[in-house]
Amino acid sequence: MAVALIVAAGSGERLGSERPKAFVALGGRPMVEWSVEALRAVPGVDEIVVALPPGESAPDGTVAAPGGEVRSGSVRAALAAAGDGDPVVVHDAARPLAPPDLFARALAELEQHPCEGAVAAAPVTDTVKEADDRRVVRRTLERDRLWAVQTPQAFRRPALERALDVDDDVLAAATDDAWLVERMGGTVRVVPAPRENLKVTTALDLKVAELLLGERA
Ligand code: CTP
Ligand code: MG
């Protein structure tokens, strides 16, 4: 059976709210609850662990873990608090709109292909250029091959455990867990995901998420 880790321990500096971001009200409940509800509807997930900021408690029916200094530190702490579930699906509480079928598709991708990880990702719609320190464009990337990576991210447990067993500076450099698996030589596949699975970073994102959830109801 699979275990799900929700990382909810960030402070939400860019949102600038009083409470930590994952506990800010969204559609009438703390943001993290949307991810918990989605995960409860995913077949094969039998444990949900939530990495928490100081002073917050875990949603009903989930296991609490203390958050880490950096995001991947929170993933590591949540995994340490989990039972022996394998595979592991990691999700940011800051993506409250992820639907149950996206988790299921990430887990299915892992099962159906020889890979260590499967990550939700949306095709990039902007043209992406690389510029140097002086803002001079050095190259234009081939957009057909570019994906904006999201969570959920599903992993075979031994691969994720090995990937997270690194020094703090490497952990701090990781913007997602898949990168840690990639740098160990692991194969990671992308799973097409809707752009609606947005990350709430700023107040604008919170408004958009509120509107999209309102449309669902
Ligand atoms: N996160 C975490 N532990 C940390 C940092 C982040 O569990 N030490 C979680 C956040 O709670 C969030 C996800 O990782 O669900 C993605 O991080 P981000 O969107 O950057 O959230 P915050 O770190 O809270 O926001 P900010 O960077 O604006 O402070
Ligand atoms: Mg952050």
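## The open sheet

In this predicted model, seven strands make up an open sheet with mixed pairing, in the order S5-S4-S1-S6-S10-S7-S11. Strands here are DSSP runs of E with at least two residues, helices are runs of H or I with at least four residues, and both are numbered from the N terminus. Two strands pair if DSSP finds at least two bridges between them. The edges are held by strand S5 (63-66) and strand S11 (188-192); each has a single partner strand, so one side of each has no neighbour in the sheet. On average, neighbouring strands of this sheet are turned by 30° against each other, direction ignored. Such angles run from 0 to 180 degrees between the N-to-C directions of axes, which are lines fitted to C-alpha atoms, for helices over the stretch in contact.

Strand S6 (residues 88-92) and strand S10 (residues 147-155) run antiparallel and are joined by three bridges. Valine 89 stands opposite alanine 154 in S10. Helix H4 (residues 157-164) lies across strand S1 (2-7), S6 and S10, and runs at about 55° to S6. Contact means heavy atoms within 4.5 Å.

A backbone N or O atom of serine 11 lies 3.2 Å from an oxygen atom of ligand 1. For glutamate 13, a polar backbone atom is 2.8 Å from an oxygen atom of the ligand. Arginine 14 instead places a polar side-chain atom 2.8 Å from an oxygen atom of ligand 1. Ligand 1 taken alone exposes 560 Å², and the protein buries 87% of that, with areas from the Shrake-Rupley method and a 1.4 Å probe.

## Backbone details

Most residues other than glycine have a negative phi, and most peptide bonds are trans. The peptide bond from aspartate 86 to proline 87 is cis, with omega near 5°; proline 87 is in the loop between helix H2 (71-81) and S6. The bond from threonine 151 to proline 152 is also cis, with omega near 10°, and proline 152 belongs to strand S10. Arginine 135, although not a glycine, has a positive phi of about 70°. Its place is the loop between strand S8 (129-131) and strand S9 (137-140).

## Basis of the values

Residues are numbered from 1 along each chain as its sequence is written, while chains are lettered from A and ligands numbered from 1 in the order in which they are written. Local features need pLDDT of at least 70, side-chain atom pairs count only at pLDDT 80 or more, and totals for chains, interfaces and linings use all residues, while side-chain values use heavy atoms, without hydrogens and water.

Note on methods
A polar contact is a pair of N or O atoms within 3.5 Å; within protein, one must be able to donate a hydrogen and the other to accept it, and residues adjacent in sequence count only if both atoms are side-chain atoms.
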